Amino acid sequence: MGCATTTVKISSIAFNIILALFAIASIIVISFNPDSMREDIAIGAYIACSLIVFFAFLGCFAAIRESVCLTATCAVFLLVLAAVQIALTCVGMTDTGVRSAVETVDKAWESNAMDAIQSEHECCGKISPNDYITLNKAIPISCYIDEDASKTSNLFFEGCKDKLQRHYESEAYIFTVVSWSLVAFVIIGFLLAVFLAISFRNTQRRMQF
């Protein structure tokens, strides 16, 4: 086996380990942000990332054993997973992009369910605490730091629409970066697997003569 093939073999093993760790990290990110995407997209992402982990470790085993069949199989499935991941990423970006903080806050305001949003995102009212004052309503304790209304300085002065919209935009950015990075990793893994499969095959042919 040539020096170039040996180098790519070692690189492939190391890269597959990194790919598996990256996919595991993606699963953790999704699990800690369950509201960042629709449930069906999240389930698809879980399945895709789990398969990526499986085939990444299978790729390591195939490279160590210098198996043409296993390496080629990994290459094919990594290509399929790359296509699936691209589809999930595009759908997820579209879904995340249409989420509106205005609609979310307006619905919560109309149903008197602002407390959860205000506590979680440290905001108050739709635009500001004045939304309550204008309607002659008492400012709820969820508008205060640690729900301590004894000090005016504890009041959240920022409205929930702006705060929640920034939160949605941040989630969309993280989702986009993680998803496309994973796609890039999978494609690189596919290319390495193809190169190794060809190299292993050529080595076997030379050994026959």
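Reader: Which residues does UniProt list for "transmembrane region"?

Author: The model is a predicted one, whereas the ranges come from a record. The UniProt entry is unreviewed, and its annotations may be inferred rather than shown by experiment.

Reader: How many aromatic pairs does a search of the whole structure find, and how are the planes of Phe-15 and Phe-185 arranged?

Author: The search finds five aromatic pairs. In the pair of Phe-15 and Phe-185, the ring centres lie 5.4 Å apart and the planes make an angle of 15°. Planes under 30 degrees apart count as stacked, so the arrangement of this pair is stacked.

Reader: Where do Phe-15 and Phe-185 lie, and how many residues apart are they?

Author: Phe-15 belongs to helix H1, while Phe-185 belongs to helix H7, residues 160-207. The pair thus links distant parts of the chain. The separation is 170 residues.

Reader: Is Phe-15 buried or exposed?

Author: The relative accessibility of Phe-15 is 14%. Buried means under 20%. Phe-15 therefore counts as buried.

Reader: What is the relative accessible area of Phe-185, and which arrangement does its pair with Phe-22 have?

Author: Phe-185 is partly exposed, at 22% relative accessible area. The ring centres of Phe-22 and Phe-185 are 5.0 Å apart, with the planes at 10°. Phe-22 is in helix H1 and Phe-185 in helix H7, 163 residues apart. Because the planes meet at 10°, the arrangement is stacked.

Reader: Which residues do ring pairs link into a cluster?

Author: Phe-185 pairs with Phe-15 and also with Phe-22. Phe-22 counts as partly exposed at 23% relative accessibility. The cluster consists of Phe-15, Phe-22 and Phe-185.

Reader: Over the ring of which residue does the charged end of Lys-137 sit?

Author: The charged end of Lys-137 is 5.5 Å from the centre of the ring in question. A distance within 6 Å is one condition for such a contact. The ring is that of Trp-109.

Reader: How many salt bridges does the structure hold, and which residue pairs with Asp-106?

Author: Side chains of opposite charge can pair when their charged atoms come close. The structure holds two salt bridges. In one of them, the closest N and O atoms are 3.3 Å apart, and the partner of Asp-106 is Lys-161.

Reader: What is the N to O distance between Glu-158 and Arg-166?

Author: Glu-158 is partly exposed at 28% relative accessibility, and Arg-166 is partly exposed at 43%. Their side chains meet in a salt bridge. The N to O distance is 2.7 Å.

Reader: What is the value of phi near Asn-136, and where is this residue placed?

Author: Asn-136 is in the loop between helix H6 (130-134) and H7. Asn-136 counts as exposed, at 73% relative accessibility. Its phi is positive, in a residue other than glycine, and lies near 55°.

Reader: Which residues make the nonpolar surface patch, and what is its area?

Author: The patch is made by Ile-17, Leu-21, Ile-24, Ile-28 and Phe-32. Leu-21 lies in helix H1 and counts as exposed at 54% relative accessibility. Ile-24, also placed in helix H1, counts as partly exposed at 34%. The area of the patch is about 500 Å².

Definitions and conventions:
Residues are numbered from 1 along each chain as its sequence is written. This is a predicted model: local features need pLDDT of at least 70, side-chain atom pairs count only at pLDDT 80 or more; totals for chains, interfaces and linings use all residues. Side-chain values use heavy atoms; hydrogens and water are left out. Patches are made of residues with over 30% relative accessible area and no salt bridge: like charges are joined within 9 Å, nonpolar side chains (Val, Leu, Ile, Met, Phe, Trp, Tyr) within 5 Å. Accessible areas come from the Shrake-Rupley method with a 1.4 Å probe; for residues, only the protein chains shown count as cover. A salt bridge is a side-chain nitrogen of Lys or Arg within 4 Å of a carboxyl oxygen of Asp or Glu. Helices (H or I, at least four residues) and strands (E, at least two) are DSSP runs, numbered from the N terminus. Buried means under 20% relative accessible area, exposed over 50%, partly exposed in between (1.4 Å probe, protein chains only). Rings of Phe, Tyr and Trp (its six-membered ring) pair if their centres lie within 6.5 Å; planes under 30 degrees apart count as stacked, over 60 as edge-to-face and the rest as tilted. A charge sits over a ring if NZ of Lys or CZ of Arg is within 6 Å of the ring centre and within 35 degrees of the ring normal.
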